[in-house]
Amino acid sequence: MSDNLLMAAYASRLGDNALVLGQRMIELVAASPELEEELANANFSLDYIGQARMFYTYAGKCEGVGRDEDDFAFLRPEHEYRNLLLVEQPNGHFGDSTVRQVLFESWYLHLLEALTRCSDEGISEIAARAIKEVRYHLRHSSQWLLRLGDGTEESHRRVQQSLDNLWKFTGEMFSPDDLDDEMRAIFNGPHLEIIEAQWREDVRAIVEQATLKMPDNQWMASGGKQGRHTEHFGYLLAEMQHLQQTYPGATW
Amino acid sequence: MKQEWPLYEVFIRSRSGLSHRHAGSVHAADDEMALTNARDTYTRRKEGVSIWVVRSDKIVASDPEESSAFFEPAEDKIYRHPTFYEIPDEVENL
Amino acid sequence: MYTQGLDQAGKSDPAKPGPETREQLDAFQTRIDAEEKIEAKDWMPEAYRRTLVRQISQHAHSEIIGMQPEGNWLTRAPSLKRKAILLAKVQDEAGHGLYLYSAAETLGVSRDQMVADLLSGKAKYSSIFNYPTLSWADIGAIGWLVDGAAIMNQIPLCRCSYGPYSRAMIRVCKEESFHQRQGYEIMLTLCGGTAEQKAMAQDALNRFWWPSLMMFGPNDANSTHSAQSMAWKIKRFSNDELRQKFIDVTVPQAEFLGLTVPDDELRYNEETEHYEHSDIDWQEFFDVIAGNGPCNKQRMEKRRKAQDDGAWVREAARVYAEKKAAASAAA
């Protein structure tokens, strides 16, 4: 793979994470527990959609065959999507989506930090912009984890369950594939082992402060980074791509 | 019915050099949440560089019923204003 | 997005006189006539307070329920740009609901109470949001027509005599300035697109035209306390005046799109310089207000579910805050 194609694949994978998570959060519109949370959730999904657009646009530029952000979002089949399984998981209840955000965002923040130091200017610039947004998201989601973990008995029980259920999707974040390895070798990309250690420390701190228990080591699901998704993903994509697939070539 | 989250008043400094100004209010369970709710509600269009939030029930306010006693005595103190003083036009820098 | 003249002749009247003396009422009216703003802690007639609580909370409810028809296309928006714009717009509606609830809270009614009144069906919201959004073009039509109608109604509210309402409306109007334009831009794109897209746009206009005209509320002859609201400067133009103004500006916009307004009797009167139109089907309007529109039940169920599903979350946050407050008091 040429360096450009490598970068295109890497940027589009980052775009996939952002878009799929943004799309999940959009499903929560008009369903938040309180009006103020409605506004926060919309802000965060807008941030993620914005990041997806930047990553896809950059991927298209590196690839050099004229694909734009919408070609990436709406005209690729399921197996070409390379997002983490974690971000495609259904929203569930508020505790489930809170835990999903905390687990993903604590990883993503470190990843973006590492990417600001990579040798590719295009990606490091996008990372520098995204990092400010994600730092704030993580502050918000962590605060909620504290409230739910250390709130009522019911909220404690529910959110512990969320944590236990979603834990198996965290392993994938730290297992490097060829793309990660090449990214690291050629562009001084993120070192996933170092990030894992940082992530574990951060997550442990917040989980303990929330009076929750770190889940036991367990079997880890994987496949998202290779385009093998959970069953939920096909529906997300079918819904999102509906108009573009029904009316090919139309402008909206 | 369960208790609703308390109300907070939100004050925003739109850019440095200006005072904070009342923007509106939000409900929040605690101070930290009030701050982030205010940020997510009132600064979506880059309206601010600094936010204050304060519990609405902590604000001490004057009573409109007493407004004449409070504010009208200032009305006849016109000598506090520079236009009260007559200075010939020839005199500059004053 | 909008408030509506929902009050009909013969229904319970929030403007019926309270226990005030003639002198108090006259002094209040003098302030209003002098274009003074009334603030939250100022003395005001009970009927003025009730009328405002009713109108502002209806307005807030409309914003909140109004998120749903457009929200219905968020996950299916046809491009990332459109998705982001629509999300920003729907979020604005949540924000506007929030500003308006806050304005009503200054009058001594809690948000919880207002939400409970909405969920129990006691409080009303604008009839327009009980119509379904069946195609992407409906998102264009809502921005263009529904927000267009809302702006007609909301601009005068910026000068409403009640300070907190007026200030909320100024913020709302400022933020909404892009809403109608983005809707019209969607319609423009569809009308310049494929034959299927143009048909989609025409169909959306066909379905949303009459409900948009109904947004201005009943004819003046059948609208109860317009006169009192006008005297108090809560309302500045009558339902029919605003409706006519809307038709006059909107018909040429439809013509520019190459779309046909679904009214055989629509014609321009050179003498009055206004469009004349056929009668509005008021039975449909009263049916929808009474709960018998295509989506009333569905909208309320979604709202109730969100409220119920969030109960344990709100409670957890409240208990957590109490624990932290107790701990810091003990420290």
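**Reading the terms in this predicted model**

Helix 6 (residues 121–149) of chain A packs against helix 9 (residues 192–209) of chain A at an angle of about 35°, with 8 Å between their axes. The model is predicted, so local features need pLDDT of at least 70 and side-chain atom pairs count only at pLDDT 80 or more, while totals for chains, interfaces and linings use all residues. Residues are numbered from 1 along each chain as its sequence is written, chains are lettered from A and ligands numbered from 1 in the order in which they are written, and side-chain values use heavy atoms, with hydrogens and water left out.

Q: What makes S142(A), L145(A) and L146(A) part of a contact with helix 9 of chain A?
A: Contact means heavy atoms within 4.5 Å. Those three meet I206(A), V207(A) and Q209(A).

Q: Why is the pair E34(A) and R111(C) called a salt bridge?
A: The rule asks for a side-chain nitrogen of Lys or Arg within 4 Å of a carboxyl oxygen of Asp or Glu. Here the closest N and O atoms are 3.0 Å apart, so the pair qualifies. The rule finds 4 salt bridges across the interface of chain C and chain A.

Q: What is buried between chain C and chain A?
A: About 4,000 Å², 70% of it on carbon and sulfur atoms. Buried area is the accessible area (1.4 Å probe) that two parts lose on being put together, summed over both. Chain C brings 45 residues to the contact and chain A brings 47.

Q: How do you know whether chain C agrees or disagrees with a compact globule?
A: Run the numbers the same way: a compact globule of 331 residues would sit near 20 Å, and chain C has 21 Å, so chain C agrees. Along the principal axes, its C-alpha atoms fill a box of roughly 70 × 55 × 35 Å.

Note on methods
Axes are lines fitted to C-alpha atoms, for helices over the stretch in contact, and angles run from 0 to 180 degrees between N-to-C directions. Helices (H or I, at least four residues) and strands (E, at least two) are DSSP runs, numbered from the N terminus. The radius of gyration is taken over C-alpha atoms; the globule rule is 2.2 Å times the number of residues to the power 0.38.
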